[in-house]
Each structure stands twice: as C-alpha cells, then as structure tokens.
Amino acid sequence: MSRSMCSRLGAVHLARSLLLGAAIATSLTVACSKASTAAPRVHHATGAVRSLGPGRAYVNIAHDDIPGYMSAMTMSFEPQGPSQLDGIEVGDRIAFDFYETEDARRVLTRVEKRR
Ligand SMILES: [Cu+2]
C-alpha cells in the first residue's frame with residue numbers, strides 16, 4: 001500500500017471514528033502503519049574488503065556465501081552512518097550485518113574486523 005493511500009485512509013478512519021467509535025479506526029491505522037514500516041530482513045555475513053569508495057561512501061566486499069541470500073561474490077555495501085567504516089582498510093577480513101532496501105541498495109548495520 002502506498003504512503004499517500006495510507007494517509008487518505010487515515011483521514012477516512014478519523015472521520016469514521018467520530019461517528020462509530022475509536023476502536024475500529026485504531027486497529028485499521030495500526031495495520032496501515034505496519035505495512036509502510038515493515039522491518040527489512042538483516043543478513044549476517046563475512047568477507048574481505050576489496051576497495052573503498054570516495055569518502056568511504058561505500059565498500060566493495062568479497063563476501064562468503066550468505067545462506068538464503070546469495071553465493072560468494074564481490075559487491076558493494078553502504079555504511080549506515082558516516083563513521084561506520086572508520087578503521088576499515090583494503091584487505092581486512094570482516095564480519096558484517098546488512099539489509100537490502102526496496103531499491104536494492106545494501107546497507108550495513110554492523111561491521112567488525114576479524115583477525
Ligand atoms: Cu553478493
């Protein structure tokens with residue numbers, strides 16, 4: 001369900017709640033907000049850092065097999081925050097967690113050096 005559809009329905013729910021009572025509107029509003037903020041699935045992985053983008057805007061990781069997601073390959077991941085890749089260098093072995101966005105970007109939620 002699109003965001004604008006959610007807000008349109010929200011307005012309808014609000015009007016109805018004045019006539020029919022708050023309970024029905026509340027349950028429908030909760031269902032609507034859940035649909036637009038569903039938590040993405042987080043994957044756990046390990047790999048080796050191959051290169052870093054300008055300003056550490058992304059990192060190319062030769063990742064090992066990620067069960068239920070994809071086989072071993074090299075691809076790019078984006079940090080969730082600006083300092084998340086500080087101290088990470090080309091050649092490092094790392095363990096990391098990430099999720100995939102609706103537009104197929106992979107965002108790191110955890111990066112940890114392995115020795
Ligand atoms: Cu991959």
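Select Phe-98 first: leaving aside neighbours within four places in sequence, Phe-98 is in contact with Val-42, His-43, Phe-77, Arg-106, Val-107, Leu-108 and Thr-109 (contact: C-beta atoms, placed from the backbone, within 7 Å). The model is a predicted one, in which local features need pLDDT of at least 70 and side-chain atom pairs count only at pLDDT 80 or more, while totals for chains, interfaces and linings use all residues. Numbering starts from 1 along each chain as its sequence is written.

Next, select the largest nonpolar core, which has twelve residues, including Phe-98, Phe-77 and Leu-108. Such a core is a set of buried Ala, Val, Leu, Ile, Met, Phe, Trp, Tyr and Cys residues joined through C-beta atoms within 7 Å; buried means 20 or more other C-beta atoms within 10 Å of the residue's own, with C-beta atoms placed from the backbone. At least two core residues come from each of β1 (42-52), β2 (59-63), β4 (93-100) and β5 (106-114) (strands: DSSP runs of E, at least two residues, numbered from the N terminus). The largest share, three residues, is from β4.

Now show the strands. Five of them close into a barrel in the order β1-β2-β3-β5-β4, with mixed pairing (strands pair if DSSP finds at least two bridges between them). From one strand to the next the twist averages 50°. Zoom in on β1 and β2, an antiparallel pair with five bridges. Ala-48 stands opposite Ala-62 in β2.

Finally, colour by pLDDT, the predictor's confidence in each residue from 0 to 100. The protein's mean is 80, and 68% of its residues reach 70 or more. Residues 1-28 fall below 50, and this stretch has 16 contacts in the model beyond near neighbours in sequence. Where pLDDT is low, the predicted coordinates should not be read in detail.

Technical notes: Two residues are in contact if their C-beta atoms, placed from the backbone, lie within 7 Å. Helices (H or I, at least four residues) and strands (E, at least two) are DSSP runs, numbered from the N terminus. Axes are lines fitted to C-alpha atoms, for helices over the stretch in contact, and angles run from 0 to 180 degrees between N-to-C directions.
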